[in-house]
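Student: Can we go through this one together? I'd like to start with pockets.
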Amino acid sequence: MAEQKESSVLFSLKELMGLEEDRIREEEAQKEAAAKAALEAKQAAERAARDAEEARIRAEEEERQRDEQRRKEEAARLEAIRVAEIERARADAEHQARLASVTAQQQHEAAMAALNQDRHKKRLQIMVGVIAGVLLIGVVGGVAWYQDVTQKAAARAAADAAEKKIQADKLERLQREFEMASRKEQELSRSLASAKDDAERSRLQAELEKAQKEKARVGGAARSSGAAKSGGAQKAACNPNDPLCGF
């Protein structure tokens with residue numbers, strides 16, 4: 001009987017030890033599975049963050065290229081307008097010069113005809129010739145002045161339009177960058193709130209601080225560009241299309 005009891009006790013101990021070993025193995029397996037799942041989640045989050053960053057960089061580069069193309073097209077358009085304005089001003093000046101020349105010639109011929117009727121009035125003839133010469137010089141000088149003023153006004157108007165377009169494009173680009181920085185900050189904040197371990201939290205915190213600094217930088221640049229654009233608009237005291245504006 002004693003031997004049977006001893007055997008029964010040993011069997012129970014072995015059974016309990018086996019159960020304990022099974023429990024330990026099961027716990028270790030669960031820990032390994034949890035660690036593996038956490039690692040896979042961390043790697044997936046890192047891949048997603050890298051993919052998002054690469055997509056953002058590609059989008060910014062594509063937008064920059066589009067902005068550059070638009071600036072080139074706008075500059076070419078403004079240059080064409082400037083050249084057309086200068087050519088129109090030149091043609092107007094030449095027309096005015098021809099009209100003035102014809103008028104002066106007609107006046108001179110009329111004066112000479114009147115003088116020819118009285119050959120003895122040589123003094124009057126000389127005076128008329130001098131007056132006609134002075135008149136012709138004045139007309140030519142006036143036409144030259146008008147042409148110079150017109151060309152300068154057209155060039156200034158084209159330069160002002162180009163500067164305004166550049167400032168508008170810059171402000172639009174900065175606003176887009178600010179919106180992208182805000183979205184990135186929100187995404188990183190959400191990722192930080194759901195971080196699984198300290199290492200991931202530290203990495204996300206560093207990226208979040210970097211994104212916040214970038215957002216603040218872009219916001220400051222956008223405010224400065226907007227203030228510059230408003231200041232430039234307030235400077236216009238007369239119609240920029242008026243050739244005599246500023247004179």
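Tutor: A pocket, on a 1 Å grid over the protein atoms alone, is an open set of points where a 1.4 Å probe fits, with protein on both sides within 12 Å along at least five of seven lines. Points are joined across faces, edges and corners, and a volume is the space filled by probe spheres set on them. This is a predicted model, where local features need pLDDT of at least 70, side-chain atom pairs count only at 80 or more, and totals for chains, interfaces and linings use all residues. Residues are numbered from 1 along each chain, and side-chain values use heavy atoms, without hydrogens or water.

Student: What volume does the largest pocket have?
Tutor: About 680 Å³.

Student: Which residues lie nearest its centre?
Tutor: Glu53, Arg56, Lys184, Glu187 and Leu188, out of 26 lining residues (an atom within 4 Å of a point). Helices H1 (2-116), H2 (122-193) and H3 (198-234) each give two or more residues to that lining. Helices here are DSSP runs of H or I, at least four residues long; strands are E runs of at least two.

Student: Which helix gives the largest share?
Tutor: H3, with nine residues.

Student: And how many lining residues are charged?
Tutor: 13, counting Asp, Glu, Lys and Arg. Eleven are nonpolar and two are polar.

Student: New topic. How many helices and strands are in the chain?
Tutor: Three helices and zero strands. The order from the N terminus is α-α-α.

Student: How much of the chain is buried?
Tutor: Buried residues (under 20% relative accessible area, 1.4 Å probe) make up 16% of the 247.

Technical notes: Buried means under 20% relative accessible area, exposed over 50%, partly exposed in between (1.4 Å probe, protein chains only).
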